[in-house]
Every structure is written in structure tokens, then in C-alpha cells.
Amino acid sequence: MIEAHLAHSQETTPQESIHAMPADALRAPDIRFWAIYENDVPLGCGALKDLGDGLAEVKSVHVATSARRRGLARQFMTFLEAQARQAGYQVMALETGSSLLPAFDAARALYHSLGYEPCDPIPGYIPDPYSVFLRLGLEPRSE
């Protein structure tokens with residue numbers, strides 16, 4: 001899954017604007033990584049990286065081409081939100097491809113539909129015309 005995610009980034013993004021993490025980096029102690037499986041076949045993956053001060057960065061979300069259009073990305077993002085809330089984060093943030101990179105149109109649409117809003121670059125990033133930065137506040141939900 002990570003290899004597919006990295007390949008997608010290499011194929012769709014200028015080299016200097018790739019922020020996808022290799023598998024080794026996803027093993028860091030400040031990162032929690034999950035994968036979606038169906039009958040022992042990996043269908044997707046993603047991670048949360050602790051940036052401190054109540055901020056979690058969404059990293060390496062990818063759904064296999066063969067598993068797309070099944071709502072798995074939405075389900076996975078909802079799962080990551082639940083994990084972030086449970087861990088006590090106040091904000092989730094992410095970087096994805098800007099409108100200059102049409103391969104990321106569906107991802108941006110999904111994030112916006114989940115309530116993510118544009119924000120300044122998150123820690124560790126600089127402004128880049130090929131990147132868009134989004135955030136989701138994790139205020140307590142009223143029941």
C-alpha cells in the first residue's frame with residue numbers, strides 16, 4: 001500500500017512538492033499507522049502523526065485503485081477522526097495536492113465534505129503552489 005501511495009505521488013506531483021512518507025518513516029514513535037484489509041488483501045492505509053500542542057497530522061491516506069468508489073476513504077477518514085478524538089487531539093490537519101494537481105481533486109472534495117477547512121501551512125511545511133493545507137477542529141460534539 002505504501003509503495004502504491006509513493007508511486008502515485010511520484011506520478012502526479014513535482015518532485016520538490018512530494019510529502020509522502022516512506023514506510024521506514026511511518027514507523028516513527030510519533031506516528032500511528034493503520035491499514036484496511038479484506039480477506040487478507042490490503043485495500044488502504046493511513047496514519048496520524050503527533051505534531052504536539054493537540055495537533056495530529058493525517059499522513060499517507062491511500063486506497064487501492066481496485067477498491068475505490070466504495071466509500072473506503074470516507075470510512076477511513078472517519079476512523080482516523082475517531083482515533084484522534086480518543087487520543088485527545090483538538091485539531092487534525094493535512095497537506096494534499098492543490099488544484100494544480102487534478103489527481104488530487106477527489107481527495108480535496110472528500111476532505112471538504114468532511115468539514116476540513118483551508119489553513120496556513122502546518123508545522124514542517126512551507127507554502128507551495130502544489131500543496132493545500134486543511135484542518136478539522138475536534139471540538140466536543142453535542143449529543
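View 1: Two strands pair if DSSP finds at least two bridges between them; strands (E, at least two residues) and helices (H or I, at least four) are DSSP runs, numbered from the N terminus. The model is predicted, so local features need pLDDT of at least 70 and side-chain atom pairs count only at pLDDT 80 or more, while totals for chains, interfaces and linings use all residues. Residues are numbered from 1 along each chain as its sequence is written, and side-chain values use heavy atoms, with hydrogens and water left out. Six strands make up an open sheet with mixed pairing, in the order β1-β2-β3-β4-β6-β5. At the edges sit β1 (31–38) and β5 (117–118), each pairing on one side only.

**View 2: helices on the sheet.** Here α2 packs on the sheet, touching β1, β2, β3, β4 and β6 (131–137); contact means heavy atoms within 4.5 Å. The direction of α2 makes about 145 degrees with that of β1 (axes are lines fitted to C-alpha atoms, for helices over the stretch in contact, and angles run from 0 to 180 degrees between N-to-C directions). Then there's α3, which packs on the sheet against β3, β4, β5 and β6, its direction at about 160 degrees to that of β4.

View 3: β1 and β2 run antiparallel, joined by eight bridges, and R32 stands opposite L48 in β2. Six bridges tie β2 (residues 41–50) to β3, again antiparallel, with A47 facing K59 in β3.

**View 4: the β1–β2 turn.** These two strands form a hairpin with two residues between them. N39 in the turn has a positive phi of about 50 degrees. D40, in the loop between β1 and β2, also has a positive phi, near 65 degrees, despite not being glycine. D40 is exposed, at 75% relative accessible area (exposed is over 50%, buried under 20%, partly exposed in between, with a 1.4 Å probe and protein chains only).

View 5: S60 lies in strand β3 and is buried at 6% relative accessible area. Its phi is positive too, near 55 degrees. S9, in helix α1, is buried at 7%. Leaving aside neighbours within four places in sequence, S9 is in contact with I18 and A20.

**View 6: the largest pocket.** It holds about 920 Å³, and of its 38 lining residues the closest to the centre are V61, H62, A106, A107 and Y111. On a 1 Å grid over the protein atoms alone, a pocket is an open set of points with protein on both sides within 12 Å along at least five of seven lines, a cavity is a set where a 1.4 Å probe fits but cannot get out, and lining residues have an atom within 4 Å of a point. Points are joined across faces, edges and corners, and the volume is the space filled by probe spheres set on them. Elements giving two or more residues to the lining are α1 (2–12), β3 (55–63), α2 (72–87), β4 (91–97) and α3 (105–113); β3 gives the most, seven. By class, that lining has 20 nonpolar, 11 polar and seven charged residues (Ala, Val, Leu, Ile, Met, Phe, Trp, Tyr, Cys and Pro are nonpolar, Asp, Glu, Lys and Arg charged, and the others, Gly among them, polar).

**View 7: the cavity.** A search of the whole structure turns up one cavity of 30 Å³ or more. The largest cavity has about 30 Å³ of space, lined by M77, T78, E81, L114, Y116 and L136. The largest share of that lining, three residues, comes from α2.
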